[in-house]
Amino acid sequence: MRARDHISAKIDLLFRTVIRGDGREFTYDDVEQGTDGRVSRSYVWKLLHGKNTNPSLDVLEALATFFRVPPEFFFSGSQEHETRSLRLASASAVMEDPAAR
């Protein structure tokens, strides 16, 4: 898998799998606000569409923190590791939703 495909596929998977407390997918604006501007909405678009294929470690860490996955998520090729990370992230998102309490 090429770097472009790998990074964009991982980020796309996060958007489709880790959902907001209200059951909707996160928006690019959510990411920009949730990362305190470290990852702009236009940069998220570029990553998702393969226009930027080499994000910095700072960007990957910000995305990992936002989506509640370990930074290794972006580097792992293991389906098992990916699945475990996504399950934990989804559970964490639900637990942090005030409506779910």
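Visitor: Over which residues does pLDDT stay under 50?
Guide: That is residues 97-101, where pLDDT stands for the predictor's confidence in each residue, from 0 to 100. The model has five contacts for this stretch beyond four places in sequence, a contact being heavy atoms within 4.5 Å. This is a predicted model, in which local features need pLDDT of at least 70 and side-chain atom pairs count only at pLDDT 80 or more, while totals for chains, interfaces and linings use all residues. Numbering starts from 1 along each chain as its sequence is written, and side-chain values use heavy atoms, with hydrogens and water left out.

Visitor: What pLDDT does the protein chain average?
Guide: The average is 82, and 71% of the residues score at least 70.

Visitor: What makes Phe26 and Phe66 an aromatic pair, and of which kind?
Guide: Rings of Phe, Tyr and Trp (its six-membered ring) pair if their centres lie within 6.5 Å; planes under 30 degrees apart count as stacked, over 60 as edge-to-face and the rest as tilted. Phe26 and Phe66 are 4.8 Å apart centre to centre, with 65 degrees between the planes, so the pair counts as edge-to-face. By this rule the model has six aromatic pairs.

Visitor: Which parts of the chain does the pair of Phe26 and Phe66 link?
Guide: Distant ones: Phe26 lies in the loop between helix H1 (3-17) and helix H2 (28-34), and Phe66 in helix H4 (residues 57-67), 40 residues apart. Helices here are DSSP runs (H or I, at least four residues), numbered from the N terminus.

Visitor: Is Phe26 buried or exposed, and how do you know?
Guide: Buried means under 20% relative accessible area, exposed over 50%, and partly exposed in between (1.4 Å probe, protein chains only). Phe26 has 14%, so it is called buried. Phe66, with 10%, is buried too.

Visitor: Why is the pair of Phe26 and Phe67 given its name?
Guide: Their ring centres are 5.9 Å apart and their planes stand at 85 degrees, so this pair is edge-to-face. Phe67 sits in helix H4, 41 residues from Phe26, and at 0% relative accessibility Phe67 counts as buried. Phe15, Phe26, Tyr28, Phe66 and Phe67 form one aromatic cluster.

Visitor: What makes the phi of Asp36 worth a remark?
Guide: Most residues other than glycine have a negative phi. Asp36 is not a glycine, yet its phi is positive, about 55 degrees. Asp36 lies in the loop between H2 and helix H3 (41-48), and its relative accessible area of 72% makes it exposed. Arg68 also has a positive phi, about 60 degrees, without being a glycine. The loop between H4 and helix H5 (79-96) holds Arg68, which at 26% relative accessibility counts as partly exposed.

Methods
Helix = DSSP H or I, 4+ residues; strand = E, 2+ residues; numbered from the N terminus.
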